Amino acid sequence: LVQSCIGTKFSSRWNDIMIDMALKAVLTVARETPAPSSLPGGAGDVYSQKMEVDIKRYAKVEKIPGGEISDCAVLSGVMFNKDVTHSKMRRRIENPRILLLDTPLEYKKGESQTNVEITDEEDWNTLLKMEEEYVENMCMEIIAFKPDIVITEKGVSDLAQHYFAKANITAFRRLRKTDNNRVARATGATIVSRTDEIRESDIGTGCGLFEMRKIGEEYFAFFDECKDPKACTIILRGGSKDVLNEIERNLTDAMQVVRNVVFDTRLLPGGGATEMAVSVGLRKAGLKLEGVQQGPFLAVGEAMEVIPRTLAQNCGVSVIRTVTQLRAKHASAYEEVEKVDENAFPKCNWGIDGTTGKLVDMEEFGIWEPFSVKIQTIKTAVESACMILRIDDIVSGSKKKGY
């Protein structure tokens with residue numbers, strides 16, 4: 001499925017790498033929704049269990065110019081482009097305890113302009129001491145839980161950096177909210193808004209290795225070897241920005257295909273087999289009706305044959321003969337099943353080989369298409385036809401001169 005999606009694109013030379021990356025990224029991000037949605041009509045079905053696959057939020061693509069395309073990889077965790085705040089902090093920690101904050105670790109300045117009149121020299125020192133004590137209290141509340149890494153979305157003052165370096169804690173500041181959410185999902189940590197509300201359960205222990213690595217001219221923080229991460233970072237390497245952008249687009253297409261299959265695991269045979277089966281079924285249903293009601297069934301049935309017809313045209317074989325043979329295959333399968341049970345549907349996977357134009361069994365040939373895509377295509381086609389039929393006049397948008 002993925003190969004047919006990206007086989008004709010720029011990255012086709014590195015198909016194997018791209019397919020593995022798309023599969024790993026989507027399966028990492030995918031997680032089951034808490035409760036299966038029960039289908040109408042009673043008990044839950046195999047297909048009623050819905051998956052949540054949020055590629056946009058939890059599968060971040062990090063493009064780093066330089067290196068080769070074969071160096072691209074999907075991390076078992078996350079990484080971001082930040083260096084530690086203090087030079088004495090540790091740059092490699094195994095099995096770190098991670099604390100995530102979205103509060104500033106510095107003294108809060110008043111939102112409105114505040115004037116303070118000091119009459120005594122001691123008062124100025126008292127004010128400074130109060131500021132220092134405020135920052136110290138916050139740091140002590142954090143240090144009490146013995147984290148190895150502290151990451152905040154806001155600033156970290158010099159004094160806080162000093163306390164963290166003294167306690168052998170690595171700190172990062174001004175991390176983007178989206179990156180913080182990814183770290184939380186990968187390491188099992190909870191983002192905390194106030195230092196006095198930290199609990200042991202908020203500390204993330206799912207990361208196996210934290211390491212600072214230099215790629216090119218910049219430092220990157222890697223949170224790798226995570227246990228069951230539900231977020232990941234995809235590292236793309238390439239000669240130039242244009243190459244990286246093109247690879248990113250191709251990889252996104254591949255991930256969307258995998259996401260569709262993970263979201264709804266049902267597959268249908270390709271090569272025009274599904275369309276021909278629907279076409280024959282609609283014709284059979286139409287012939288059981290009388291008068292004008294037959295029209296829509298026969299018309300939609302005929303329209304469905306456009307896919308096998310186009311495949312036959314592209315191969316350069318006799319279109320009429322090939323489509324007639326395929327129709328006969330599906331019709332005979334229907335007749336055999338109808339002898340046993342009138343309401344049963346036949347299992348006929350015969351379609352057209354897009355290279356040779358011969359009729360082949362798609363199950364043996366191994367060409368499948370996602371159920372969700374096929375359903376959406378048919379819905380769109382029917383809705384488009386309805387829209388065209390509703391429009392009986394074209395209103396011109398241009399004004400005539402003089403009005």
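At 51% relative accessibility, Asn95 counts as exposed, a word used here for residues with over 50% relative accessible area, whereas buried means under 20% and partly exposed covers the range in between (1.4 Å probe, protein chains only). The structure is a predicted model, in which local features need pLDDT of at least 70 and side-chain atom pairs count only at pLDDT 80 or more, while totals for chains, interfaces and linings use all residues. Residues are numbered from 1 along each chain as its sequence is written, and side-chain values use heavy atoms, with hydrogens and water left out.

Asn95 sits in the loop between strand E6 (92-94) and strand E7 (98-101), where helices (H or I, at least four residues) and strands (E, at least two) are DSSP runs numbered from the N terminus. Although Asn95 is not a glycine, its phi is positive, at about 45 degrees. Most residues other than glycine have a negative phi. Asp228, also not a glycine, has a positive phi of about 50 degrees; Asp228 belongs to the loop between strand E12 (218-224) and strand E13 (232-238), and at 59% relative accessibility it counts as exposed.

Turning to the chain as a whole, there are 13 helices and 17 strands, and buried residues make up 38% of the 403 residues. Of the contacts with a separation of 6 or more, 70% come from residues 24 or more positions apart, contact meaning heavy atoms within 4.5 Å. The chain exposes about 24100 Å², of which carbon and sulfur atoms supply 52%, the areas coming from the Shrake-Rupley method with a 1.4 Å probe, and for residues only the protein chains shown count as cover.

Helix H5 (residues 158-166) has Ala160, Gln161, Tyr163 and Phe164 as buried residues. These four lie on the same side of H5 because they cover an arc of only 165 degrees around the axis, the arc being that of the directions from the helix axis to the C-beta atoms. Their cover includes helix H4 (121-143), strand E8 (149-152) and strand E9 (170-172), while the face of H5 turned away from the buried side carries the exposed residues Asp158 and Lys166. Just after H5, Asn168 takes a positive phi of about 65 degrees.

Leu244, in helix H7 (residues 241-263), is buried, with a relative accessible area of 2%. Leaving aside neighbours within four places in sequence, Leu244 is in contact with Lys63, Ile64, Pro65, Leu236, Arg237 and Gly238. The C-alpha atoms of Leu244 and Gly66 are separated by 9.7 Å, although these residues are 178 residues apart along the chain.

Finally, the cysteines: Cys72 is buried, with a relative accessible area of 8%, whereas Cys386 is partly exposed, at 34%. If a disulfide is taken as a pair of cysteine sulfur atoms within 2.5 Å, the count comes to zero disulfides.
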